[in-house]
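The following report describes selected features of a predicted model.

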Amino acid sequence: MAKKRVETKKTPPLPPLPPPSTPPQEMPEEEIPGEEAGDGSGEEDGEGSEGGAEEERGESDAGVAEESDSSEDEEEHIGYDIAGKKIRKQAKRDKIDSFLAGVDDSKNWRKIYDEYNDEEIELTKEERRLIGRILKGKTPHADVDPYAPYVDWFEWEEKGMPLSGAPEPKRRFIPSKWEHKKVVKYVRAIRKGLIKFEKQKEKPRFYMLWGDDSSSAENTRHGLSYIPAPKPKLPGHDESYNPSVEYIPTQEEINSYQLMYDEDRPKFIPRRFESLRNVPAYESAIRDAFERSLDLYLCPRTRKKRINIDPESLKPKLPSRKDLKPYPSLCYLEYKGHRGSVKSISVQITGQWIASGSTDGTVRVWDVETGRCLKVWEFGESIQHVAWNPLPDLPLLAVSVGQDVVLLDTGLGNAEEQFRAKELLHVEEDDAGQCDTKPLVRWLRHDKLDAIRLEHSKAVSSVEWHFKGDYFITVAPTILIHRLSKKLTFNPLKKLHGLPVSSVFHPSRRILFIATKKNVRVYDLSMEKPKFMKKLEPSIREISSVAVHPGGDNVIVGSKEGKLCWFDMDLSSKPYKTLRAHPKDITNVAFHRSYPLFASSSDDCTAYVFHGMVYSDLNQNPLIVPLEILRGHASSNGRGILDCKFHPRQPWLFTAGADSVIKLYCH
């Protein structure tokens, strides 16, 4: 029987219910049209489902229409045949069945699924050929010629007889009254001045022979600006065919032209002729014309728009140096006594004394205000670094000499401070004895001085104290941290990424900065094992020194190529500012503890002082202003200023030079 598809959305309303006296007729499950749309509450009891069906049949026609509006995809059938029976959908095959069907049937690739009629159709060769032509962008049928020749249906040949044999009408020979009225209208408008004509511009009778062609109207094409060709230089007296005698060079001058460079050699040598007839033709006329053509062809002229801007307006608006005072500017005092280059200086936390170490093997302590040398210690070897203990009631000085670090009791301060210093510098024999395993550092009693000697395996380049005064760090070249109260040494970083140059503690937190030759690595020491936090990359050739701002969030790095990099650790791992200050190597950089100042010293015998204000507002960037260039040191063996330190309380700067002099610069 032929099947006809019927849409479920156009299902007619249900027939009226039979009277209640007659029992309801049961319909088979296949022919119940609303089987899936029924409520799930009728699945528990058969009688309840029949009662629910009777209640649903008593609803209005609007409810029936809502049930019939369910989408066709949710039904198990696609329509109804002529007899009213459902045309069920084909069972969908999964991927495994589709694959097996394709393996068994060699013609499976020709079949496509028709969702509308729910059946598979096998394509014929003609249909596959049509699809292939459509995919290639061709016409579906091969018989169609898209480029067929045009058929001109009009006959252009003149015929002997006209299309119409009617005589010419009389109106073609009589003047038109409408045209006469139109002409009269235009004449009156012209007389009244309503219609105006543009007068032709008269060409000037005279014009400038050497004038600029940019202003001529004929060169303005289509509203575009005309760019004239550059004018050659006008000929002078020396290019005349009969110049004066003073313009004609002698033979010696002509011979000297051959010894000049091509750039300095004159392009034209004046010559004298009796008349214009004797002037020969220009030798390079063809070559110059060819080069000129190449210039016009290969080098098109363009118009560059230039803006007149005051160069001063492009400079950043910085505050005046008078408003940024006080800062060190004048040399106030000199400390002389060393016989060699002063490699390191350190200022005591109270600002009363300053210690210095020199290549002559001596360490000296000076009175800052008077410049008097208080004490001298002889070591017999070049001093690398000196550092005061940051506690004001502990007058200890750390000195690095060769492979040893010596902790000296300076003998300054009251009796109570001296008693505490001697207790910390006491080392028992058991502590100094050798163990089975070789220790990192041996804590020994110094034989000549009342001090402790820390014996390292390699040369120590720098010593830095922790802000609490109990710990200090040495670079030898491994990083070692020592505890003075317990006489202990440990190596927290056994593997370093590069050769360390300098190391410094954070001013208020348990953070360590280690500067290698290429970058600065930051470690957190609050845990048992140091945790790597950040790597600062200055992108310079080699790092020479590093300093941390008293706030702890900004770092300056000096390099051996004269560049000074300012890092904002909250902003980025790249430099916030890179200052090209010194022409030679930067030896040291330093921050002031209380004033917004920082400085750098270099081998060019100068020290630069900068204003560096760090704001508490995170949205405002630090303000960096160069203030002063301090000079006064003399160069010795190619070295200049080797170290610089700020006074802890005053805006003063101490500089140590290779000329064995220490200078104090005040405001």
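Strand 6 and strand 7 (residues 353–358) run antiparallel and are joined by five bridges. Within this pairing, Ser 344 is placed opposite Gly 357 of strand 7.

These strands belong to an open sheet of four strands, ordered 6-7-8-9 with antiparallel pairing. Its edges are formed by strand 6 (342–347) and strand 9 (373–378), each of which pairs on one side only. From one strand to the next, the twist averages 15°.

Strand 25 (residues 563–568) is connected to strand 26 by four bridges, and the two run antiparallel. Lys 563 lies opposite Arg 580 in strand 26.

## Cysteines

Across the whole structure, a search finds zero disulfides. Cys 373 is partly exposed, at a relative accessible area of 26%, whereas Cys 605 is buried, at 12%.

## Salt bridges

The structure contains 19 salt bridges. One of them links the side chains of Glu 126 and Arg 129, at 2.8 Å from N to O. These two residues are three positions apart in helix 4 (residues 125–135), and are therefore separated by about one helical turn. Glu 126 is partly exposed at 44% relative accessibility, and Arg 129 is likewise partly exposed at 47%.

A salt bridge also joins the side chains of Glu 628 and Arg 321 (3.2 Å, N to O). Because Glu 628 lies in strand 30 (residues 623–631) and Arg 321 in the loop between helix 8 (311–314) and strand 5 (330–336), the pair ties together parts that are 307 residues apart in sequence. Glu 628 is partly exposed, with 22% relative accessibility; Arg 321 is partly exposed, with 41%.

## A salt-bridge network

Glu 455 and Arg 442 form a salt bridge in which the closest N and O atoms are 3.6 Å apart. Glu 455 belongs to strand 14 (residues 451–455) and Arg 442 to strand 13 (residues 442–445), so this pair ties together parts that are 13 residues apart in sequence. Both are partly exposed: Glu 455 has a relative accessible area of 27%, and Arg 442 has a relative accessibility of 25%. Through salt bridges that share partners, Asp 404, Arg 442, Arg 453 and Glu 455 are joined into one network.

Key: Residues numbered from 1 in each chain as written. Predicted model: local features only at pLDDT ≥ 70, side-chain atom pairs only at ≥ 80, totals over all residues. Heavy atoms only, no water. Pairing = 2+ DSSP bridges. Axes fitted to C-alpha atoms, helices over the stretch in contact; angles between N-to-C directions. Disulfide = S-S within 2.5 Å. Buried < 20%, exposed > 50% of the residue type's maximum accessible area, 1.4 Å probe, protein only. Salt bridge = Lys/Arg side-chain N within 4 Å of Asp/Glu carboxyl O.
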